[in-house]
Amino acid sequence: MKFIDEATIKVYAGDGGNGVATFRREKYEPMGGPNGGDGGKGGSVIVLADRNINTLVDYRYTRTFKAQRGENGSGSDCYGKGGDDMVLRVPVGTTISDKATGHAMVDLNVDGQQVMIASGGKGGLGNIHFKTSTNRAPRQCTKGDPGEAFELYLELKVLADVGLLGMPNAGKSTFIRSVSAAKPKVADYPFTTLHPNLGVVRVDSNRSFVIADVPGLIEGAAEGAGLGHQFLRHLQRTSLLLHLVDIAPFDEMVDPVKEAKAIVNELKKYDQELYDKPRWLVLNKIDMLPDSAEKVAAFVQAYGWDGPVFAISAISGIGCKELTYAIMDHIDQARVKRHAEADQLQAAPAQTPQVIE
C-alpha cells in the first residue's frame, strides 16, 4: 500500500428535507385540519480515528464526500426520515484544518476519537406547526436548511516517542531493524527510505517505546533538494530526536562534521519548535574505525557538541542496547514529569477574578 500522509477533500453534509402543507381528507371529514409533517434532518459528516488505518490513501483519489439528504415530510403527520451520517475513518495522528482559512479544526491523536466535522441541515417545518386559533387552514411550510460544506486539508503526523534524523545512508534504517521488528528497506545507495517507518522497541517485558525512521535530509532540503523536508512533520509528536551521523563515510571527501551541521540547519529552517526538542548525537559505523574512541572525541570537539553522545554500530549491534535503555529511561522521566504537571494543574485552585473599581 502506498504511504500517503496528506490529502485535500471536500465534505458536504446532507440538506434537511422539506416540510409539506397537506390537509386531512377523510370520509366524513371534508374540512380536516392540517397534517403536513416535517422534513428529516440531513446526515452529518463524522471523522473517526482508527488505529487499523495507517495511511490517507483512501482520500488520495476520492476527494468528494456527501452525506445523505433528509427525506421530505408527508401527509398524515408523517415526518421525513433523517439522512444517514457519513463516517470517514482516518489514521490516528491525523490533523484536520480548513483549507480556505488554514484554521486547525481538530487533532485526532487517540484511537476511537471522533468529531462531527460538518453538521447536517435541519428539516423544514410542515404546516401542522402553523395552525392557530385564527388560522385553521395554514398553507405555510418551510424548506430544509442546507448542510455545512468544507474543503478540508488532512495531514498525518505519525505517533512515535523517538525520531531518527540524519543524512541518507547514515544507517537509520539499519538501526531501526537492529533494535525492533520493523524491516525497512536497506541498500547501499541513498534515499532507500521513501516513507516513514515505525518500529516498537521493547527493552523489558512491560517497557517499550515507538521509534520513527523518516527519509534522509540533505543540505538544501528547504529549497526542495532531495526529497525535501516534508517528512519532518512526522517528528513533531516525538519527545526525543536521535541525530545519526555516519562517522566512517566511504567517500573520503565527505566531511561528517559539515553534514551534521547541515542537518541541524535544515531542521531549524523547517520548525524552531522541532529544533528545540531534546536531541542526542549518535555516531554510527564505529566498527569500521580501528581507533573509534579517538575519532569520536575528535568529531565531538569539531562539531562543538555538549549534549549526550552515543557511539554505535547499527549493523553489528555495538552500543545499541545501551542506547535503547538510555532512551527508555529518558521517556519514563518525561512521562513522570508530564503526569506531575497535569496533576498540579488539576489541583491548582481556580483564581477569583479581581474587580477593579
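The following legends describe close-up views of a predicted model.

Residues are numbered from 1 along each chain as its sequence is written, and side-chain values rest on heavy atoms, with hydrogens and water left out.

**Figure 1. Overall composition of the protein.** The protein holds five helices and 14 strands, where helices (H or I, at least four residues) and strands (E, at least two) are DSSP runs numbered from the N terminus. Of the 357 residues, 45% are buried; buried denotes under 20% relative accessible area, exposed over 50%, and partly exposed in between, with a 1.4 Å probe and protein chains only. Among contacts (heavy atoms within 4.5 Å) with a separation of 6 or more, 74% join residues 24 or more positions apart.

Figure 2. Helix α4 comprises twelve residues, 292–303. V296, F299, V300 and Y303 of α4 are buried. They cover an arc of only 95° around the axis, which puts them on the same side of α4; the arc is that of the directions from the helix axis to the C-beta atoms. An α-helix has 3.6 residues a turn, so residues three or four places apart point the same way. The buried residues of α4 pack against β12 (240–246), α2 (256–270), β13 (279–284) and β14 (309–311). Exposed residues E294 and Q301 lie on the face turned away from the buried side. Just after α4, G304 adopts a positive phi of about 75°.

Figure 3. Four aromatic pairs occur in the structure, a pair being rings of Phe, Tyr and Trp (its six-membered ring) with centres within 6.5 Å; planes under 30 degrees apart count as stacked, over 60 as edge-to-face and the rest as tilted. The rings of Y303 and W305 have centres 6.0 Å apart and planes at 25°, so this pair is stacked. Both Y303 and W305 are buried. Ring pairs join F299, Y303 and W305 in a cluster.

**Figure 4. Charges over tyrosine rings.** A charge is assigned to a ring face if NZ of Lys or CZ of Arg is within 6 Å of the ring centre and within 35 degrees of the ring normal. K66 lies over the face of Y12, 5.5 Å from the ring centre. R279 lies over the face of Y275, at 5.2 Å from the ring centre.

Figure 5. T324 belongs to helix α5 (residues 320–347) and is buried, with a relative accessible area of 7%. Leaving aside residues up to four places away in sequence, T324 touches V179, V201, V203 and F209. In helix α1 (residues 172–179), the buried residues are K172, S173, F175, I176 and V179. They cover an arc of only 160° around the axis, which puts them on the same side of α1.

Figure 6. Most residues other than glycine have a negative phi. S76, in the loop between β3 (64–66) and β4 (86–91), has a positive phi near 60° and is exposed at 54% relative accessible area. D77, found in the loop between β3 and β4, has a positive phi near 60° and is partly exposed at 46%.

Note on methods
This is a predicted model: local features need pLDDT of at least 70, side-chain atom pairs count only at pLDDT 80 or more; totals for chains, interfaces and linings use all residues. The expected span of a helix is 1.5 Å times one less than its number of residues.
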